[in-house]
Amino acid sequence: MSLYRNTVWFLNGIHHYTRKGYETAARDFDPQELNVSVVGRSFLITGANSGIGKATAMCIAKRGGTVHMVCRNRDKAEEAREDIIHESGNTEVFVHILDMSNIRKVWEFAEAFKMEYPSLNVLINNAGCMVHKRELTAEGLERNFATNTMGVYILTKTLIPFLQKSRDPRVITVSSGGMLVQKLRVSDLQSVKGYFDGVMVYAQNKRQQVVLTQQWAKENPLIHFSVMHPGWVDTPAVATSMPQFHQMMGDRLRSVEQGADTVVWLALCRASSRSRSGQFFQDRSPVPAHLPLAWTHSSAEDVQRFMSQLESLAKDILSKSVGEDNSPMSATKPQFV
């Protein structure tokens, strides 16, 4: 079954995930849908200093939106901010330094953000990582899982009450088509068992993001949730994490602007918010979250086990870290679950 999934996925990818696939899909795009002004609306984008995240931030800034760039590296973030301001002419661009694999810090950031800023209209979960050797964070989580799943879970859950107070709130998560070869694996969320394959661990995390989006959409009807596949994109992350794939695909890879197009469309376009919440998107259209005959669907019981495990991990990490440092937030009891 794994060979079947991988084969169908790759053949589908050659037709739809490449630059040519984007150009074909774009023939049906309405060019006026992104001809909008979002002055007065606030957007928080993780991983916004390069690749899809930076391209998304640039597009939003050009349309007048207030952009909050959440990045791990200050120097790269400030350089990207200068580029965005220079090209867009929009000075409402702010940098926040945060490592998404540090769960306590993610929660502290989200709580502080709610106190410092008046509103948030759109959260874009874009940051991610692909580590090829199993390593643990200081909080005891496998690093890919910590960044791609737990960080997204904590940030989104903590900001949901804040988003609900805003007009037309949206949450967009940048997933990957690689998740199509994975079934949610609730018995081994942190990849302890068997051989550690960073590419497949990443794909499993991206499946987890799809399940999270579906569940959040059911639980929070006031917010529009979506998760998307940007296609095969020529980003620094792909070049570093998957050098052989990057070299093999070469000019067939999409530009970062093409990869960001659906993120921007989901964040800005009125039509996108009228679609059913919780769907998986590719090139501005909802697409199935499962390959045909791939047996990747999960039972309701497995989904509930997954959500319960995340909640338990979050409570455990945040309760242990309360009072361990001298920051003002350290004495605050976590309230996100």
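User: Why is phenylalanine 10 called partly exposed?

Analyst: Its relative accessible area is 31%. Buried means under 20% and exposed over 50%, with a 1.4 Å probe and protein chains only, so a value in between is called partly exposed. This is a predicted model, where local features need pLDDT of at least 70, side-chain atom pairs count only at pLDDT 80 or more, and totals for chains, interfaces and linings use all residues. Residues are numbered from 1 along each chain as its sequence is written, and side-chain values use heavy atoms, without hydrogens and water.

User: What makes the nonpolar surface patch?

Analyst: Phe10, Leu11, Ile14 and Met248 make a patch of about 340 Å². Patch residues have over 30% relative accessible area and no salt bridge, and nonpolar side chains are joined within 5 Å. A salt bridge is a side-chain nitrogen of Lys or Arg within 4 Å of a carboxyl oxygen of Asp or Glu. Helix α1 (residues 2-16) gives the largest share, 3 residues.

User: Which residues touch the most other members of the largest nonpolar core?

Analyst: Leu44, Met150, Leu155, Leu159 and Phe306 do, in a core of 43 residues. Such a core joins buried nonpolar residues through side-chain atoms within 4.5 Å. The largest share, 11 residues, comes from α6.

How values were computed: Patch = residues over 30% accessible without salt bridge, like charges linked within 9 Å, V, L, I, M, F, W, Y side chains within 5 Å. Areas by Shrake-Rupley, 256 points an atom, 1.4 Å probe, with all protein chains shown as cover. Helix = DSSP H or I, 4+ residues; strand = E, 2+ residues; numbered from the N terminus.
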